[in-house]
Amino acid sequence: MSLEEQEKEKIYSVLDRIKDPEIGVSIVKLKMVEYIDKTGSTLSIKIKLTVPGCPLSATIEKDIKQAMAELGYEDTKILFGFMTKQELEMVKKEIFKKDQKLPSPIEKYDKKAIKNVIAVYSAKGGVGKSTVVSMLALISAAMGYKTGILDCDISGPSITALFNLKKMASATKENRIIPAEYHGIELLGIDMLTSAETLIWRGPLVSSAIRQMYDDTEWGNLDVLFLDLPPGTSDGPLTVFQAIPVDMMVLVTTPQMLSQTIGRKTLAMADILKIPITGIIENMSYFICDKCGNKHSLPDGEKIKELPIIARLPFISSFSVVDGLVIDKETKESLMNALVLMIKR
Ligand SMILES: Nc1ncnc2c1ncn2[C@@H]1O[C@H](COP(=O)(O)OP(=O)(O)OP(=O)(O)O)[C@@H](O)[C@H]1O
Ligand SMILES: [Mg+2]
């Protein structure tokens, strides 16, 4: 065996101790090390990432450079490529067959110092979940509750836009996330974590991103953390209900038939996952005519009778949270009453 091969083997055995931060398995076992080369004093290691554009590359790079420095290689260059679909499938098959002790992908986190974790959800898209979360947060903060919002919608985050946020989240020296802030309300969404802070945003997958945003964040002592959920019943909502210690859920619906039908699907999901539901916030329930000043109901479908309606919100023609929420007194009172039911501790 040549010296070069011995050297390579030593490097491989050290690399074998480095785990992919997402999957929790050695990067060597995952066949992520494409080659190791040495020119002069520069050591080059090429890593094939499992997902293109994967932000966890920064963590892998840091871990490898640190391990190589400990081996005496001060000048280590990491190059990145990506696995093909076939390569990824093969790796998955091998690893899952051989290694039965893989960590469970979903673990339930603890409550931290957050008194109430409230999920605002509907399997139906566009019913106003994000809008309702924003209103609830502004009113709960005005009522004196220390309030936060976690935007769990990874593919379509809305909170940054709704609050017209300019300031992004930041990080502590230990790479813990510090949420952005709007008049004392803590706000965090995936779009508030910039690429310059890739160490605080490791997972390309929806599930790991949501878990990391909840668990790696310095939320402090919050009275209430509202979770703005994405629509659907797949990865995003499932992760929230399985990994985050949700105290209760409110269901957002609109009076229309389709929204009510999908509302029922949401109920079934909550039942399976054993998440208590406080009630329904019926959004765009009516509108106030600006000519006659009367309330007009919007056409509705079959109601969900199993749950109480804890607030009815009008159709608001211009909605903005910037510099205060402009909503009528009745809506504000309706949301305050709903919050009293929702905030238990
Ligand atoms: N009460 C309301 N009056 C008028 N427009 C509203 C109201 N609530 C929400 N909207 C509008 O409806 C659209 C969808 O609202 P929003 O993004 O809050 O829904 P969502 O349920 O969070 O959507 P998604 O499922 O995509 O996350 C937005 O354009 C929003 O401004
Ligand atoms: Mg939304």
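Q: In which sense do E2 and strand E3 pair, parallel or antiparallel, and over how many bridges?
A: Strands of a sheet pair through backbone hydrogen bonds, in either the parallel or the antiparallel sense. In this predicted model, E2 and E3 (residues 76-82) pair in the parallel sense over seven bridges. One place to look is Lys46, whose bridge partner in E3 is Leu79. Two strands count as paired if DSSP finds at least two bridges between them. Strands (E, at least two residues) and helices (H or I, at least four) are DSSP runs, numbered from the N terminus.

Q: Thanks! How does strand E1 join E2?
A: Strand E1 (residues 33-39) runs antiparallel to E2 (residues 42-49), and six bridges join them.

Q: What is the strand order in the open sheet, and why is one side of E1 and E3 left without a neighbour?
A: The three strands are ordered E1-E2-E3, with mixed pairing. E1 and E3 are at the edges and have a single partner strand each, so each has one side without a neighbour in the sheet. On average, neighbouring strands are turned by 15 degrees against each other, direction ignored.

Q: Which helix packs on the sheet?
A: Helix H2 (residues 57-71) does, touching E2 and E3, and its direction makes about 145 degrees with that of E3. Axes are lines fitted to C-alpha atoms, for helices over the stretch in contact, and angles run from 0 to 180 degrees between N-to-C directions.

Q: How do the axes of H4 and helix H9 cross?
A: They come within 10 Å and cross at roughly 80 degrees, H9 being residues 329-342. That makes H4 roughly perpendicular to H9, a label for angles of 65 to 115 degrees. The contact (C-beta atoms, placed from the backbone, within 7 Å) involves Met135, Leu136, Ile139 and Ser140 of H4, with Lys332, Leu335, Met336 and Leu339 of H9. By class, six of these residues are nonpolar, one is polar and one charged.

Q: What rules apply to numbering and to confidence?
A: Residues are numbered from 1 along each chain as its sequence is written, while chains are lettered from A and ligands numbered from 1 in the order in which they are written. Local features need pLDDT of at least 70 and side-chain atom pairs count only at 80 or more, whereas totals for chains, interfaces and linings use all residues.

Terms used
Parallel < 35°, antiparallel > 145°, perpendicular 65-115°, else oblique. Contact = placed C-beta atoms within 7 Å. Nonpolar A, V, L, I, M, F, W, Y, C, P; charged D, E, K, R; others polar.
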